[in-house]
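Here's a quick look at how two chains pack together. Start with the core, then move on to the interface.

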There are 2 protein chains.
Amino acid sequence: MPSSTIPRPVQTLIDELSRLPGIGPKTASRLTYFLLRQPLEQSKSLAEALVEMKERTRFCSICFNMTENDPCPVCSDEAREASVLCVLEEPLDVIAIEKTRVFKGRYHVLHGAISPVDDVGPDDLRIKELLNRLRDNKVREVIIATNPSYEGEATAMYLQKQIAPLGLKVTRLARGLPVGGDLEYADETTLARALEGRSEMS
Amino acid sequence: MPSSTIPRPVQTLIDELSRLPGIGPKTASRLTYFLLRQPLEQSKSLAEALVEMKERTRFCSICFNMTENDPCPVCSDEAREASVLCVLEEPLDVIAIEKTRVFKGRYHVLHGAISPVDDVGPDDLRIKELLNRLRDNKVREVIIATNPSYEGEATAMYLQKQIAPLGLKVTRLARGLPVGGDLEYADETTLARALEGRSEMS
């Protein structure tokens, strides 16, 4: 395409936006054109937020969740039970669990799941750090809350084997029908799991 | 949700990204988390591109396409025919037409289409500027290349009525374009055919 019709600064921004996951050249063009019509302040505040987020956010040295201060607010909160540890794949999963307001324990973020296809092995995750945490005898129960996907299941199986020798209680999030869901739209695997994990009504 | 689990700089970036069209809070979270794992340089170069695009790009005072220098490269290119003017809704449409390499004339960007539903009337578009350009007697043909949508058709009809008294040839892109589609997403061949098969409006 003749470069004359796309100003260089516009093409640069389209290229930068295209590097983000799930954003192709078409979406990047639309976003760029949108920003072109907005006041300079919007682009500036987005630019500042980008740099500030990177410069002021790090990973907690205990649980590896994202945080402004190390250790993070959950790890340094004495009111959170140190005896129950919830193991998750990503920081976004911590936010999801917190939203339930049901869990009062602490977290450990693996930063991924075991996936031979993507060349991700146990050493690429924060598993060594998890096992070190479990050896300090404060934890009684480990809730493995990896995703109910192939990779998440494989990671859960691997973790369970590693944690077993420590004699701790290892649990996994219940599988079943989503609340508010419709039975007829549930896939067979989910429905089978829901049947297997049925509980007595009291 | 307890603010403790989302660091403030992370929430700020999620909020800023959510202001972009087509990006909801979920996508904004994913993008933020992606950038958190990337080197600082990626966020910095995106931030610089954002500000530079706004500071160094303006609209051409003749055709209203986006440009680094005013007038834009097309308007200041003597090799481009001044006798044929292609009228478009958006700067992204100029890029789409240029890609066909069929059109050698000049452009006029309206910056939208007439849409009573969105409260966009003729005065909100660069129509006055278009009519002024047509009065200098250089233009012989006006190709109306607004989108083949309801708004684009309405704009084309309006323009045709306005231009008719000037005694110029007014053409419309051939109906090879899928109705209800968006010009920007048309493939190059279809768009080239539509240019070649343009018909005179009566």
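## The core

The largest nonpolar core has 44 residues, and those with the most contacts inside it are Leu13(A), Leu20(A), Leu50(A), Leu13(B), Leu20(B) and Leu50(B). A nonpolar core here is a set of buried Ala, Val, Leu, Ile, Met, Phe, Trp, Tyr and Cys residues joined through side-chain atoms within 4.5 Å, and buried means under 20% relative accessible area (1.4 Å probe, protein chains only). Helices 1 (8–18), 2 (25–37), 3 (40–56) and 4 (91–100) of chain A and of chain B each supply at least two residues of this core; helices are DSSP runs of H or I, at least four residues.

Take Leu20(A): leaving aside neighbours within four places in sequence, it is in contact (heavy atoms within 4.5 Å) with Leu31(B), Phe34(B), Leu35(B), Gln42(B) and Leu46(B).

## The model

This is a predicted model, where local features need pLDDT of at least 70, side-chain atom pairs count only at pLDDT 80 or more, and totals for chains, interfaces and linings use all residues. Residues are numbered from 1 along each chain as written, chains are lettered from A and ligands numbered from 1 in the order written, and side-chain values use heavy atoms, leaving out hydrogens and water.

## The interface

On the chain B side, 63 residues are in contact with 61 of chain A. The buried area (accessible area lost on being put together, 1.4 Å probe, summed over both parts) is about 6100 Å², with carbon and sulfur atoms giving 71%.

The rule finds six salt bridges across the interface, a salt bridge being a Lys or Arg side-chain nitrogen within 4 Å of an Asp or Glu carboxyl oxygen. Glu55(A) and Lys44(B) also meet through their side chains in a salt bridge, at 3.9 Å, N to O.

Technical notes. Buried means under 20% relative accessible area, exposed over 50%, partly exposed in between (1.4 Å probe, protein chains only). Buried area is the accessible area (1.4 Å probe) that two parts lose on being put together, summed over both.
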